Amino acid sequence: MSRRPGNPARRFGESGGIPFASSLHQKSRSSPFLSVGLLVVGALLLIGYSYSGSGGFVADRDAVSKVEGGLSCTLEAQTAIPVLKKAYGDAMRKVLHVGPDSCSVISKLYKEEDVEAWGVEPYEIEDADANCKTLMRKGIVRVADIKFPLPYREKSFNLVIVSDALDYLSPKYLNRTLPDLARVSIDGLVIFSGVPGQQRAKVAELSRFGKPAKLRSSSWWIRYFVQTGLEENESAIKKFEQAALKKSYKPSCQVFHLSAYH
């Protein structure tokens, strides 16, 4: 986890002033801009320390994966889109995202070249912004209870991406939902799931999700996939790992790559 830079002015004030300020003051009372310059240089150094070589801020990455102290695999999925595009190639032509904040994911997908995207929001959307309202009005994003069959024909999408949705379902409903997600996919599914021990939805969010997330281990999921008749996509796993390594991307959530039903 990266550290959030503190306020340099406050830090200097707490330590009794800018280092060497008294000696500078003794040497020259006519250079007030020198102290200001030191503050600016110090701030720039702190910013440079936070800046990563990949063209962004390390702190931004933490913001992507954390929301109000809890992990969001939907925001993690957004971060992973360039990696998924590299790993899946043409299979990213037509994508369905299933999970909360689907409008944000769809908007991010549309920024990628040659990608069409649709979304299913499993929960009622409160305070939707103008962009989200437009996507919903056009039918690109729908609100639908994923415990029931999705409103799409078989093999409607090349790839189905799921985040922050299955963790809130009991095995009873998973038995319905997961096969239905595979039904509408041609090339497979990518599932972003929380890691046991991670902090998830807070009490204020339980009214939206209905219940706390049930975070399951990778071994539990793999056994469940086998029982459901779904196989891990070894080729996609390898390509994803290679692309992630090149982009220095380390998922904070569990990421599963599954083959579609044939």
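Guide: This is a predicted model. Start with the open sheet, in which 6 strands follow the order E7-E6-E5-E8-E9-E10 with mixed pairing.

Visitor: What makes strand E7 and strand E10 the edge strands?

Guide: Strand E7 (141-143) and strand E10 (254-258) each pair on one side only. From one strand to the next, the twist averages 15°.

Visitor: Which strands does H8 touch?

Guide: H8 packs on the sheet and touches strand E5 (94-98), strand E8 (157-163) and E9. The direction of H8 makes about 135° with that of E9.

Visitor: Why is Tyr 173 called partly exposed?

Guide: Tyr 173 is found in helix H8 (residues 171-183). Buried means under 20% relative accessible area and exposed means over 50%, with partly exposed in between. Tyr 173 has 24% relative accessibility, and therefore counts as partly exposed. The C-alpha atoms of Tyr 173 and Ile 146 are separated by 8.8 Å, and these two residues are 27 apart along the chain.

Visitor: Why are H6 and H7 called roughly perpendicular?

Guide: Two packed helices are described by the angle between their axes and the distance between the axes. For helix H6 (residues 102-109) and helix H7 (residues 130-137), the axes come within 10 Å and cross at roughly 85°. Angles of 65 to 115 degrees count as roughly perpendicular, so H6 and H7 are roughly perpendicular to each other.

Visitor: Which residues make that contact?

Guide: H6 contributes Cys 103, Ile 106 and Ser 107, and H7 contributes Asn 131, Cys 132 and Leu 135. By class, the contact has 4 nonpolar, 2 polar and no charged residues.

Visitor: How many helices and strands does the protein chain have?

Guide: The protein chain has 11 helices and 10 strands. Of its 262 residues, 39% are buried, and buried means under 20% relative accessible area. The chain exposes about 15000 Å², with carbon and sulfur atoms supplying 54% of it.

Visitor: What share of contacts joins residues at least 24 apart?

Guide: Among contacts between residues at least 6 apart in sequence, that share is 71%.

Conventions. Residues are numbered from 1 along each chain as its sequence is written. This is a predicted model: local features need pLDDT of at least 70, side-chain atom pairs count only at pLDDT 80 or more; totals for chains, interfaces and linings use all residues. Side-chain values use heavy atoms; hydrogens and water are left out. Axes are lines fitted to C-alpha atoms, for helices over the stretch in contact, and angles run from 0 to 180 degrees between N-to-C directions. Helices (H or I, at least four residues) and strands (E, at least two) are DSSP runs, numbered from the N terminus. Angles under 35 degrees count as roughly parallel, over 145 as roughly antiparallel, 65 to 115 as roughly perpendicular and the rest as oblique. Contact means heavy atoms within 4.5 Å. Ala, Val, Leu, Ile, Met, Phe, Trp, Tyr, Cys and Pro count as nonpolar, Asp, Glu, Lys and Arg as charged, and the others, Gly among them, as polar. Buried means under 20% relative accessible area, exposed over 50%, partly exposed in between (1.4 Å probe, protein chains only). Accessible areas come from the Shrake-Rupley method with a 1.4 Å probe; for residues, only the protein chains shown count as cover. Two strands pair if DSSP finds at least two bridges between them.
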